[in-house]
Structures are given as structure tokens and as C-alpha cells.
Amino acid sequence: MGVEAGRIRVVVAKPGLDGHDRGAKVIARALRDAGMEVIYTGLHQTPEQIVDTAIQEDADAIGLSILSGAHNTLFPAVLSLLKTHDAGDILVFGGGIIPEADIPPLKEQGVAEIFTPGTTTQSIVEWVRENVRQSAVSGG
């Protein structure tokens, strides 16, 4: 994984039909400015495309931005595909318009963290630094 080599590698993705990517671009830039390698996949990505990119890019984490209301479908699809491809060590986090009541079940399924509107970019950067390194040290 990239952490062992030094820099954290994060795939930032916009799954599904949602066409609003300003937040994803802001997060991608904040992570990049913090010294991480960021691969932004662009709009309208399928879970398969996102997982394929993460594996090809040897990513340490995937950040999903979901504003469409499909978070209860898209997060589990990405997590399932990671397991299918023996890449369950890639940390999945995300953000967007996700109701508070939906966050605990998503975390139970394996989403490491959910960031809601108003979260600062600095707190996301710090969370990624701390948790991606913890995940790499503990082996996933």
C-alpha cells in the first residue's frame, strides 16, 4: 500500500447519477495540498469503476461524495466489491447529504467515517492522516 511507501494515496469519487462535484473537488484539493496523492475519478462513476481505479492506483483509501440519496446502495456496493477483489484493506470514507440515522448502519457495514455538511477540510485531512496510517499499521 502507498502508506508504507510514504505518501497516502486516496481515490476521491462521485458515484451514481449525482452531477454536483464541487465538494468532492474541494476535498480532493485539500488532501492534495496536505501532501497526499489524490486520484479524482470525475462524475457518474459506477462502484465497479471506483474499485477498479482504487486497485489499479494502489490506493490506501476511497472517499465517496454522495448527494443523490443513494448512499445506502452505493457505499455497500463499493465495500462488497472491495472484499470480492481481496482489497478490503482499502479504507472507505465519505460525505454528502446523508441523514444522521443512516450513518450508524453504514459504519456497521464497514464505512470508516461519514462527513456531513459543515465539516472542515482540515478535520477531514487530519482524520485521513490518522486513520489511514492506523489501518495500515494494524493490517486493515
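Q: Which residues does phenylalanine 75 touch, not counting residues up to four places away in sequence?
A: Contact means heavy atoms within 4.5 Å. In this predicted model, phenylalanine 75 touches Leu64, Ile66, Val92, Phe93, Gly94, Gly95, Ile98, Leu106, Val111 and Ile114.

Q: Before we go on, how are residues numbered, and what does a predicted model need for local features?
A: Residues are numbered from 1 along each chain as its sequence is written, and side-chain values use heavy atoms, with hydrogens and water left out. Local features need pLDDT of at least 70 and side-chain atom pairs count only at pLDDT 80 or more, while totals for chains, interfaces and linings use all residues.

Q: Which residues have the most contacts inside the largest nonpolar core?
A: A nonpolar core is a set of buried Ala, Val, Leu, Ile, Met, Phe, Trp, Tyr and Cys residues joined through side-chain atoms within 4.5 Å. Buried means under 20% relative accessible area, with a 1.4 Å probe and protein chains only. Here the largest such core has 24 residues, and Ile62, Leu64, Phe75, Val78, Leu82, Val92 and Ile114 have the most contacts inside it. Two or more residues each come from β1 (9-13), α3 (47-56), β3 (61-66), α4 (71-84) and α5 (103-109). Helix α4 gives the most, with 6 residues. There is also a second, separate core of 18 residues, which includes Ile8, Ile27, Ile124 and Val125.

Q: Is valine 125 buried or exposed?
A: Valine 125 counts as buried because its relative accessibility is 4%. This residue lies in helix α6 (residues 121-138). Leaving aside neighbours within four places in sequence, valine 125 is in contact with Ala30, Leu31, Ala34 and Met36. Lysine 25 is 100 residues from valine 125 in sequence, and 14 Å from it in space, C-alpha to C-alpha.

Q: How many helices and strands does the protein have?
A: Helices (H or I, at least four residues) and strands (E, at least two) are DSSP runs, numbered from the N terminus. This protein has 6 helices and 5 strands, and from the N terminus on they run α-β-α-β-α-β-α-β-α-β-α.

Q: What does the radius of gyration say about the protein?
A: The radius is taken over C-alpha atoms, and the globule rule is 2.2 Å times the number of residues to the power 0.38. With 140 residues, a compact globule would have a radius near 14 Å, so the 13 Å of this protein agrees. The C-alpha trace spans about 35 × 30 × 25 Å along its principal axes, and buried residues make up 45% of the 140 residues.

Technical notes: Buried means under 20% relative accessible area, exposed over 50%, partly exposed in between (1.4 Å probe, protein chains only).
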